[in-house]
Amino acid sequence: MKVVLFCGGYGMRMRSGAADDVPKPMAMVGPRPLIWHVMRYYAHFGHTEFILCLGYGAHHIKEFFLNYEETTSNDFVLRGGRTELLSTDISDWTITFAQTGIESPIGERLRRVRHHLDGDEMFLANYADVLTDAPLPEMIENFARRDAGASMMVVPPQSSFHCVELGEDGLVGGITAVSELPLWENGGYFVLRQEVFDHIPEDGDLVADGCAQLAKRGRLVAHRHRGFWKPTDTVKERAALDAAYARGDRPWAVWERESAGVGA
């Protein structure tokens, strides 16, 4: 299936200053940017047709792929001054680069690339800066069996804060970690049908408009995931992922399990 990735936001909390115009999906984790890790996840499961919804800093993303260096993340042999790759990352990928506006909400970005979907009944969509080890084939299969317009992955709350129960007299009745509450957050990794477009108005949002309207009609399903899931909204979160990559702790890299002889 085709994969639509939203990679046009400003990512203000990831920027180091006004002169830093690198979009968040291009922040590095190991030798590759975030967007590469997300795309490599989908490609591992056989989904190699990508539609990138570009906006702010689009030239950085275009230049990365136009000047892609396979040797950065693949073994190779240098023979007679020529490089012989032993494996490749993107040789079988098809990537559509679509400018969807600088200020466009995510729903509008999706509307603007609808014609690139070629009328496919089902397609995948996601943010370009969230990593997971979720079982994508299971998510797709579960959704395909359901009579619904959209599926979204949901994860437990990620906050490290605690909720405090207060009585009218100001006495604390209990303290509970937010992560232990019976709540779920939107985790991205959407599986969508064309029906979603019926509920996204011009300059609308995918979740607040499209998914919310489908939910009201009983047409939205969720895939609960309690495994690895990490957003990358801040410099601190990106640095934590980069440090994890350096020490070999990268559960989102499901493609590495296969090469190591471990079932994905």
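Student: How many aromatic pairs does the structure hold?

Tutor: The structure, which is a predicted model, holds 14 aromatic pairs, where rings of Phe, Tyr and Trp (its six-membered ring) pair if their centres lie within 6.5 Å, and planes under 30 degrees apart count as stacked, over 60 as edge-to-face and the rest as tilted. In one of these pairs the rings of Tyr-127 and Phe-190 have centres 5.8 Å apart and planes at 75°, so this pair is edge-to-face.

Student: And which parts of the chain does that pair tie together?

Tutor: Tyr-127 lies in strand E8 and Phe-190 in strand E14, so the pair links parts that are 63 residues apart in sequence. Helices (H or I, at least four residues) and strands (E, at least two) are DSSP runs, numbered from the N terminus.

Student: Is Phe-190 buried or exposed?

Tutor: Phe-190 counts as buried, at 1% relative accessibility, and Tyr-127 counts as buried too, at 18%. Buried means under 20% relative accessible area, exposed over 50%, and partly exposed in between (1.4 Å probe, protein chains only).

Student: Which residues form an aromatic cluster?

Tutor: Tyr-41, Tyr-42, Phe-45 and Tyr-189 form one aromatic cluster. Tyr-189 is found in the loop between strand E13 (185-186) and strand E14 (190-193), and at 3% relative accessibility Tyr-189 counts as buried. The phi of Tyr-189 is near 50°, which is a positive value in a residue other than glycine.

Student: Where is Asp-118, and what is its accessibility?

Tutor: Asp-118 sits in the loop between helix H3 (106-112) and E8, and Asp-118 is exposed, with a relative accessible area of 58%. Its phi is near 55°, a positive value in a residue other than glycine.

Student: New topic: how many residues of H1 are buried?

Tutor: Eleven of the eleven residues of H1 are buried, so H1 is largely enclosed by the rest of the structure. Among them are Trp-36, His-37, Arg-40 and His-44. H1 is followed by Gly-46, whose phi is positive, near 95°.

Student: What about H2, which of its residues are buried?

Tutor: In helix H2, which runs over residues 58-66, the buried residues are Ala-58, His-60, Ile-61, Phe-64 and Phe-65. They cover an arc of only 165° around the axis (taken from the directions from the helix axis to the C-beta atoms), which puts them on the same side of H2.

Student: Why would residues three or four places apart point the same way?

Tutor: An α-helix has 3.6 residues a turn, so residues three or four places apart point the same way.

Student: And what do the buried residues of H2 pack against?

Tutor: They pack against strand E1 (2-7), strand E3 (32-33), helix H1 (34-44), strand E4 (49-54) and strand E7 (94-99).

Student: How many residues are in the largest nonpolar core?

Tutor: The largest nonpolar core has 71 residues, and those with the most contacts inside it are Val-4, Tyr-42, Phe-50, Leu-52, Phe-65 and Leu-110. H1 gives the most to this core, with eight residues. A nonpolar core is a set of buried Ala, Val, Leu, Ile, Met, Phe, Trp, Tyr and Cys residues joined through side-chain atoms within 4.5 Å.

Student: Which residues is Leu-52 in contact with?

Tutor: Leaving aside neighbours within four places in sequence, Leu-52 is in contact with Leu-5, Cys-7, Ile-35, Met-39, Ile-61, Phe-65, Ile-95, Thr-96, Phe-97 and Ala-98.

Student: Zooming out, how many helices and strands are there?

Tutor: The protein has seven helices and 16 strands, and buried residues make up 47% of its 264 residues. Along the principal axes, the C-alpha trace spans about 80 × 45 × 45 Å.

Methods. Residues numbered from 1 in each chain as written. Predicted model: local features only at pLDDT ≥ 70, side-chain atom pairs only at ≥ 80, totals over all residues. Heavy atoms only, no water. Contact = heavy atoms within 4.5 Å.
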